[in-house]
Structures are given as C-alpha cells and as structure tokens.
Amino acid sequence: MPWPTSPRALKALLADPMGAMGLVLVSLFVIMALAAPILAPYDPLALNVRAKLQGLSWAHWLGTDQLGRDTLSRLIFGARTALSISVTATGIAGAIGLLLGLIAGYGPRWLDAVLVLVLDSVNALPMMMLALAIITVIGPGTFTLILVVVLVSIPSYARLIRAQTLSLRRAEFILAERAIGASTPRILLRHLLPNVLGPLVIVLSMDIPVVIMLEAGLSYLNLGVKPPMPSWGNVLYDGYTSIRTSPTLVIAAGAPLVLATLGFTFLGEGLRDALDPRLASTRPR
Amino acid sequence: MTKWRTDRRGFLQTAGATLANLTLPANFAWAAEGETLRLRVTADFQVLDPKGIIGELDEIIPRCTQVTLVRLGDMRDGNTWQPWGAEKIDWIDPTKIAFTLREGLVWSNGFGPVTAEDVKYSFERIAHSDSAWAYQFEKLDHVEVIDARSGILHLSEAFAPFIIIALPYYGGNIVCKAAVEAAGGSYTTQAPAECGPYRFAAWEQNQKVTLTANPDWTGLKPAFSTVEFYIVGDDQAAQLAYEADAFDFTRLAVSATKQVTAAMPEGASLIQAQSTRYAWLTININAEPLKDLRVRQAIQYAYDSDAVLLGAYDGLAARSTGVVAPTSPFTRATNLIATRDVEKAKALLAEAGVSDLTLQLVALTDSTTQAIAQIIQASLAEAGITVEIQPTEDAAYWSLGDKTAGDGYKSLELVLMNFSGGIDPTENLVWFRPDQIGVNNWSFFDSPDFETLYQKGLVEQDESKRKAIFNQMEDLMESSGGFIFICFEPYIALHDSTLKPVILADGQPDPVMFTRV
C-alpha cells in the first residue's frame, strides 16, 4: 500500500471528485483554524449585550448571539477548538493504539491475549455513558474531552493494527528479515510500521468527524469545553435557546458541523480508494 | 383542556350541552364537571410528606391533596389569606391563635375526620426538627387541643407573620396522625391518608401526575375535576408543547418574553409579574483566595449589573438591593456598592497585594444562569480577575454546599444562586443565619449581629422598626463582601386565556383555585 502523501496517492485522491471535495473542505477548515485570529472580524469573547441577537448585517455577517458576540468570529474560532481537540485526541489515541496493536500482534501470545481482553472490555463500554461518567468524576473541560476520546478510541485502533500485524508477521519479507537476524525493533519500525500506518491514517481521518460531533454534542450539553471558549456545540446551544427569536444562529452553527463531517468523511473515503485501488475498482461509478 | 370543535359533531355536542344547561335549576353547580386542567411543571416530585418536601410538584400536590388551616391568594393580588381548613382562626393575644376546624373534613382510607390532634401532630413534628421548614414553626411553642375540632397555637413570642409564614403551605399541610404513625412516622411518594379538594390518582414517573376531584371534599369545589401535571424540564420544549396544545399553563424562560409578546399564540395570555425568586452571587468568605475583605469588595465593584440585567434578563428585571422583595415595604433603598467602579476594584486588589487571581464560578447549566456567569466572567476580567466557569447539573449542584456531603463546601469560591422567596422578609433572610452555613448559607456569612437582628425582626411589631432591622441585616450581608444581589427574577407564564390562574408567593400555581373565566 502506498504512503498516503505519495504523489501517486495524492493524484488518485484528486482524481476522485468526492475525495477532492473532501480535501478542499478539510483544507478550508484547517486554514480557518490556523488563521482564526486573522480571519475573525471580532474578538470571539467580546461581549456587547446591547447588540444581542442581531440578525445578518454587514457589520455582523452571521449576526450576534444572546450576549452580543459576533457569531462568525465564534464559528471561526470554533473551528480551532473542534480541530485541535479532534486532531489531538485521535492523534494520541492513534499513537497508543498503534503501539498496543503492534505489541499485541507481534508479541508473545499471552500478552496478545491480555491486551485483547483489556481492549475488548473497554470497547464494550458505551461511548456516551463512559464520557458522562468521566465528566462527572473530573468535571467538564478540554482535557476531559480529549481523555474521553482517547480512552474510547484506543481499542478500535489497536485492534486494527493488531489484525494488520498478525497478517504481516508471516509475510515473506518479514520472515526473510528474521532469517537474516534482524532485531525485533528493526522489524517493527522499518517493516511493519510503514505497512500498517496507511490503514490507520484512513481510519483516523474518518474518525475525526465523529470526535468533532462528540465535542459539539458535549459542549451543547454544557459538558464540553468551558465557556466562554467558542465551540460549534456551544454556539449551537446558544442558537437553540434563542431559536424562536434568532433562527439564523442555529443554521449558522449547524452548517460548519455538517460541512466538516462531510469533508472528513469524503477525504477518508477518497484516501481509502486512493491507497487501495482494488477497493476503488469495485465501487460503482 | 377541551377545545371548541367547529365541525358538525362538535356543534351538536355543544348545542346539546347548552340545552341541558338551560333546563337545569339555576343553583345547580356542575363546576366544570369532566374538565381537565393541564399544567406543565419542570421536574417530577420526590417527597410528599410536608416534613421533607423540596419544591414545585412536591409542594403543589400536597396543596391539592392535603388541607391547611388557611389558604393564600394570588401573589399579584397581595398574598391575602383566608380560612381554609379552619372555619375560624383568630389571634386571642399576640402569642395565641385559636382555630376551629371545619366540619366534614374526612381523611381517605377510613382514617376518620380531621382533628385538632392531627393539627398538633403535624405542626409539632416539624417544629424544632431537622426539616427545612422547621424555621416556619420556630416560634411555635406547642399546640393545645381543646376538643376534636378546636385548638390553640401557642407561640413562644409574639410573631405577627406566623399565619402567612407557617400555616398556608409547606409545613402547614396537615397530615393524619394515625395514618402517618402507622406508616412509620413519615412517608415519601404515597400519602397514607389524604384530605383535600383532590386525590392522587396516577403517576407516570418523569412524565405525568394526575389528580382527580375528591368526592368526600366538603369545602369549596375546584373548577376542574381532573388536574394533570406534565413534566417538561426544558422551557423551549414546553413553549412548543404549549403551542401544540399539550397543556394549558406553562412558565416560560425570561428570554422568550419578547418573542411571545410579539407573536402571542392564539387564545393565549401572558403573565408577566414580579416573582419572589431572588438571584445573587455567593462569594465564599471562607475560601482561601477570598479571605481578604478587599478582594471580595473588588469583585463587588467590578460586577456589571447593567450588563447582567440586559444580557440575561432582557432588561425585564431591576437590580435588587437585597433578598427582601422590591415590592415589599421592607425593601432596602439601595445597595452600599451601587455603582460599578473597575478602577476601584483594581485598586483594592493592588492594596490587598493580589495579582493573577483566578476564581472558580459554579453555575447551573440553564441558559439564564450561564449568561449571567459569562457576563460576570467578562466584567471581572476587566479588573484583572480570571473566572473559570464550572457548569454544574442540578443534582450535583445542591450537594456542593452541603456540609453532610464532605468538606467541599468550605472551598467553594463563587456560586450563582437563586431561591424562591416568601412573603415576610424573615422567610428570605432565614437562609443566611450562621446555623445555615453548610446548608443554604454558602457564603460562610457568620454574623452574630445578623442573628440578633433576625430574632428581633421576628418579634418586632412596629413596621418602621422592622424595616430598619431588615435593611440593617442586608447592609451586614453586603458589607461582609459575601454577596452580590442580582435581581428578583421576573415571573413569565403562558396560559389559555379562558383560564384565571392563581400563582402563590412561592411562584407555584395553585390548581385548586384556578377558574374558568
């Protein structure tokens, strides 16, 4: 399987309209997050209660919320919150899952059995229930959100890597390496890791929208990021509380959530097709 | 509530009913027979025993299924009281109230008539107990039983507001001595005997409670034969449900007022009144970063009242000057720190040698409280104080200041609070007495002067002297640096315009007194 950023994979990704659209959307969100202080017309935290719940105008393109904060600025900074939490959380979970998966797949059988038992046990816990339990114990906040996502995501990543490793450990090139006396770290890092990373990247990219939705959902319930930090979820909640007087707030807050979810999903599917041409050829055109 | 039908069948039903009505004798009272009153409440009930009731449905149900000596009228009409379970109730002297129960009051489940012995049992079991309502009976010495229906309430000291504080609700609900003792001395969700205009009929947990008219009730018949309480926690959902004709009466979020006023649902009326619910910011005197009075005063000076009232209450409420209602003749004229002064706040912090102060602000998760919290966060930031908001769910919130739930109450820093108030100022001031620390007094406000004044205020008969006492008590509260008085929240409710609702001083509806216009 080619490396996700190889020219061949990138060319294949851009050739796929859905993949290209996903790449564009995700790129836009990344730019929005990185350049938020430049792009946002106002300070997203600045209150002006005398200008509360204003409609669309040249001064406030997406109106203002119930405390008179500029909605567009809060959504732009909300992209930063959503992406930083989702990328950090899935990144940490992916790294730990990768390590555990490699150990389970390449290590001794007893260790594999123990790890699988632990991973299956964690996996059996319902995600939202686990999230609420953790939040109840240590309180809401950005750290808690990341912790929840990491704990919830590790098992699936570890199982994916374990399965890949198990199938590769009997491959001829690995057996050849072992025959010439290559050390275990060398086999893991030089040969197994590059081969299992591609599928992991695809899964990670497809999981980012799930994390974005989880963050938004918990923030909507006031259990996510703490106010006044802008998050798409708490902007959506602010919109809900004033939906009868200012419905544009809900629409404005819902749009980036939908677009981000679509973008990451299209990108993930595009990457999968680009990295595994056999799959692409079976897809209806 | 049944809606008028305009189809053929509906017309025939209406015409038939009208004809039947015309043929009935003029004095026949059919009291809206078969009509159902549907009220929205925000939470399910937990305890029906008057000793342990907490609020809303806990109180509304006993108001319908139990009997009290007196009954209060609508808060908008001045909270006047009238005899209810008592046919006579009079002051004999400043420490004695004689009462005679009405004839024909009978307990359900075969427990016989309501007696003066039941009154004695009901009041004395709460007075000087650990009940939240014990304060209502603090001045009750004992109840003397004269005969089966008569008795005298003996007070330890003269206490003029006793009748309106203690008797109309909460601990004033009379229970059946024999039935409660048979139930082990208390009960939770099922009253062992009822005597009120209604009886408890059905309960769908977290969804609905139904009361039906008590056939044995000999007092004033309620206008509705059935009362249904629908449990809907969210104000927005309740408003939508009201518009979909799911119920006839619902309270609304303050933020909905403008929208409802601009586009009133068909056939609906809006109640917009001053409630007795008072909101304030608790500043914990005991918490380490707040032990210096100058730091607490800095918070008081940095607080932006105008922004809070406009941002969170749409400008529908005025700043309160204490916990005594602004409609009361005993209200304080102004706050000691009435004007915002950020520079003064900064100077006080500098004088106290405090920099980089970060405080935790606990706030319930409802939209109004969260809006207040964020405005306070922004206004204190201008003075250099960082506030971290801790949104807290209702269940966890109330245990934070509870001393029986661990030592956490000692280190709370800032908390946004609001309580439903009473009619007499002492009912609102009682929660800030020293013995309420770790119960309802989360500021750790521990003032012997306040307690002395409270005791004086209870027995003082002269109105102007009472006003001076209560004002002084609020001065003490504010100058302790433990409080910022926010406002008395507006009472907003939507109801079918053919109804005449009755709202009691605690902000709860009284279904027994609801009538059809």
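Biologist: Which residue forms a salt bridge with K52(A)?
Modeller: K52(A) forms a salt bridge with D314(B), and the closest N and O atoms are 2.5 Å apart. The term stands for a side-chain nitrogen of Lys or Arg within 4 Å of a carboxyl oxygen of Asp or Glu. Please note that this is a predicted model, in which local features need pLDDT of at least 70 and side-chain atom pairs count only at pLDDT 80 or more, while totals for chains, interfaces and linings use all residues. Residues are numbered from 1 along each chain as its sequence is written, chains are lettered from A and ligands numbered from 1 in the order in which they are written, and side-chain values use heavy atoms, with hydrogens and water left out.

Biologist: How many salt bridges does the rule find across the interface of chain B and chain A?
Modeller: The rule finds one.

Biologist: And what area is buried between the two chains?
Modeller: About 1900 Å² is buried between chain B and chain A, with carbon and sulfur atoms giving 53% of it. Buried area here is the accessible area (1.4 Å probe) that two parts lose on being put together, summed over both. In chain B, the residues that lose the most area to chain A are Q236(B), Q374(B) and P391(B), together 28% of what that side buries.

Biologist: How many residues does each chain bring to the contact?
Modeller: Chain B brings 27 residues and chain A brings 20, where contact means heavy atoms within 4.5 Å.

Biologist: Changing topic, what is the strand order in the open sheet of chain B?
Modeller: The four strands are ordered β4-β5-β7-β6 in chain B, with antiparallel pairing. Strands are DSSP runs (E, at least two residues), as helices are (H or I, at least four), numbered from the N terminus; two strands pair if DSSP finds at least two bridges between them.

Biologist: Why is one side of β4(B) left without a neighbour?
Modeller: β4 (86-93) of chain B stands at an edge of the sheet with a single partner strand, so one side has no neighbour there; β6 (140-145) of chain B is likewise at an edge.

Biologist: How is β4(B) joined to β5(B)?
Modeller: A hairpin links them through two residues, and six bridges join these antiparallel strands. I97(B) in β5(B) is the bridge partner of W91(B).

Biologist: What stands opposite I97(B) in β7(B)?
Modeller: That is L153(B). Strands β5 (residues 96-101) and β7 (residues 150-155) of chain B pair in the antiparallel sense over five bridges.
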